[in-house]
Amino acid sequence: MWQVFFDLDDTIYDQAQPFKIAFAKAFPQIKIDNWNQLYQLFRQKSDEVFPLYPNDCEHLEEMWIDRMNRTLSALNEGNKYDSVTILEFQKIYNQQLKQIVMFPEMRRLLVELRNQKIQVGIISNGSYEHQMNKVTTLGLQDYVAKDRIFISATFGVSKPDPELFRKVGKEIGRPTDEMIYVGDNYLNDVYAAAQAGC
């Protein structure tokens, strides 16, 4: 029986909207012509810095500051904003993440999979508490069993390392070739899962 797993951010909900609101409030002096391009830059910097920090809450603020510094530097706005301003952005961003909603198409898909008795799960990078807060906000517990939600921080390895998918397979007692993985990022989701045999 197939096991279908989903990425969380930008797969189940739109992470760009909370980002845009937070950025506009924290950095009102920066004129943005293309919000989608800025958001993609921010995601790229997130992917760069995530593996550099241990997967625990102790280094979370350092990671947040580093990724925004890299984003601002790419905009030629580097060294203009201190860590207090960056953490204010993150505070607003986190508040906005409490208002996220599931893509309607994703909700319909989860209902259809449930109706067909196909087990679904989540495999996501991030700190456990941070990602589980999103799971709760989105109401995913109505569709996904708690023992099918896997956050990289609890495994000590994160995407794009294929080992994360192998560890999840061992955890659920299934070979990775029985796992289907759906995500939005080619390297972290598509390539990494394929490398693991999904």
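In this predicted model, Phe23 touches Pro28, Ile30, Ile32, Trp35, Leu38, Met68, Leu72, Leu75 and Phe89, leaving aside residues up to four places away in sequence. Phe23 also belongs to the largest nonpolar core, which has 40 residues. Phe23, Phe27 and Phe89 have the most contacts inside that core.

| Core | Residues in core | Named members |
|---|---|---|
| Largest nonpolar core | 40 residues | Phe23, Phe27 and Phe89 (most contacts inside it) |

Now the fold. The protein chain has eight helices and four strands. Their order from the N terminus is β-α-α-α-α-α-β-α-β-α-β-α. The radius of gyration is 17 Å, close to the 16 Å that the globule rule gives for 198 residues, so the protein chain is as compact as a globular protein of that length. The C-alpha trace spans about 55 × 30 × 25 Å along its principal axes.

Of the 198 residues, 48% count as buried.

Next, the surface. The accessible surface of the protein chain comes to about 10,200 Å², and carbon and sulfur atoms hold 49% of that. Tyr186, Leu187, Val190 and Tyr191 make a nonpolar surface patch of about 420 Å². Leu187 sits in helix 8, which covers residues 186–195. Leu187 counts as partly exposed because its relative accessibility is 47%, between the 20% and 50% limits.

Conventions
Residues numbered from 1 in each chain as written. Predicted model: local features only at pLDDT ≥ 70, side-chain atom pairs only at ≥ 80, totals over all residues. Heavy atoms only, no water. Patch = residues over 30% accessible without salt bridge, like charges linked within 9 Å, V, L, I, M, F, W, Y side chains within 5 Å. Areas by Shrake-Rupley, 256 points an atom, 1.4 Å probe, with all protein chains shown as cover. Salt bridge = Lys/Arg side-chain N within 4 Å of Asp/Glu carboxyl O. Helix = DSSP H or I, 4+ residues; strand = E, 2+ residues; numbered from the N terminus. Buried < 20%, exposed > 50% of the residue type's maximum accessible area, 1.4 Å probe, protein only. Core = buried A, V, L, I, M, F, W, Y, C linked by side-chain atoms within 4.5 Å. Contact = heavy atoms within 4.5 Å. Rg over C-alpha atoms; globule rule 2.2 N^0.38 Å.
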